[in-house]
Amino acid sequence: MSEGSLLGRLAATVFGGSCYVCRGATGRGALICSACERDLPGLAPERCPRCALPTPGAQVCGRCLADPPDFDATIAAFAYAFPADVLVKALKFNSELALAPYLAGHLARMLERSSAVDLIIAVPLHPQRLVERGYNQSVEIARALSRCLRKPLATRGCERLRDTPAQAELPLDARKENMRGAFACSLALAGRSVALVDDVMTTGATLDALAGAVKRAGALSVENWVVARTL
Ligand SMILES: [Zn+2]
Ligand SMILES: [Zn+2]
């Protein structure tokens, strides 16, 4: 974060600031103005319990039936559309780390404090990516969720073995193949219920691969907690 941006945040905390989305005025300490907050796109109320895509009657979708993923459920705060996408990108690419607790707060409202999950794991970045970016946005979100829901966060024990930068350019089927063996998990998870945290879920191939590694480590159930779901 640049010095200017840091000073800007400090001023915003004290005097009120400008909205991350529209640059209009916000109230004191607020990151987003109330108009932009109202525009944050929710998901359809009826959706596949497994992958969170809209389905009639909230039935399991055709894709999850035909090729069941290793995760058991997906909970998302928003659809990946304006202005949620602006916030997710600012956190991921512009070091706007203050957005992590903000977005985690919206996600936490969708989750029950009493949920069966007993361990949170953030989707790990490949070590090379982590060096380039300097932080893992999913860890930042997971840390805020862990505080807010009083659930422990595993900060080590899951690794990304392969970087998969070309994922976005691959067709759906190839993405799953591309992710195979991308993660390793050395945690002892026998009998545990785990939540995997990520900023965006697109095809679900990344979360599926990590869920597979976590289940091979013994996890009983795996749910995805994501800020935004691509539809
Ligand atoms: Zn705004
Ligand atoms: Zn589904």
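Q: Before we look at helix packing, what does the angle between two helix axes run over?

A: Happy to start there: axes are lines fitted to C-alpha atoms, and angles run from 0 to 180 degrees between N-to-C directions. Keep in mind that this is a predicted model.

Q: How do I read two packed helices, and at what angle do α4 and α5 pack?

A: Two packed helices are described by the angle between their axes and by the distance between the axes. Here α4, residues 84-93, packs with α5, residues 99-110, at an angle of about 140 degrees, and their axes are 10 Å apart. Angles over 145 degrees would count as roughly antiparallel, so α4 and α5 are oblique to each other. Their crossing is left-handed.

Q: Which residues in α4 and α5 meet?

A: From α4 come L87, V88, A90 and L91, and they meet L99, A100, Y102 and L103 of α5. By class, this contact has eight nonpolar residues, with no polar and no charged ones.

Q: Now the metals. What are the protein donors of the zinc ion (ligand 1)?

A: They are the SG atoms of C19, C22, C33 and C36, lying 2.3 Å from the zinc ion (ligand 1). In sequence these donor residues follow the spacing C-x2-C-x10-C-x2-C.

Q: Why is the arrangement around that zinc ion (ligand 1) called tetrahedral?

A: Because its four donor atoms subtend angles of 103 to 116 degrees. Four donors count as tetrahedral if all angles lie between 85 and 135 degrees.

Q: And which residues are donors to the zinc ion (ligand 2)?

A: C48, C51, C61 and C64 each give an SG atom, lying 2.2 to 2.3 Å from the zinc ion (ligand 2). Their spacing is C-x2-C-x9-C-x2-C. This site is tetrahedral, with angles of 102 to 116 degrees among its four donor atoms.

Note on methods: Residues are numbered from 1 along each chain as its sequence is written. Chains are lettered from A and ligands numbered from 1 in the order in which they are written. This is a predicted model: local features need pLDDT of at least 70, side-chain atom pairs count only at pLDDT 80 or more; totals for chains, interfaces and linings use all residues. Side-chain values use heavy atoms; hydrogens and water are left out. Helices (H or I, at least four residues) and strands (E, at least two) are DSSP runs, numbered from the N terminus. Angles under 35 degrees count as roughly parallel, over 145 as roughly antiparallel, 65 to 115 as roughly perpendicular and the rest as oblique. A crossing is left-handed if the near helix is turned anticlockwise from the far one by less than a right angle, and right-handed if clockwise. Contact means heavy atoms within 4.5 Å. Ala, Val, Leu, Ile, Met, Phe, Trp, Tyr, Cys and Pro count as nonpolar, Asp, Glu, Lys and Arg as charged, and the others, Gly among them, as polar. Donors are N, O and S atoms within 2.8 Å of the metal (3.2 Å for Na, K and Ca); water is not among the atoms, so sites may look incomplete. Four donors count as tetrahedral if all angles lie between 85 and 135 degrees; four count as square planar and six as octahedral if opposite donors are over 155 degrees apart and all others between 65 and 115; anything else is irregular.
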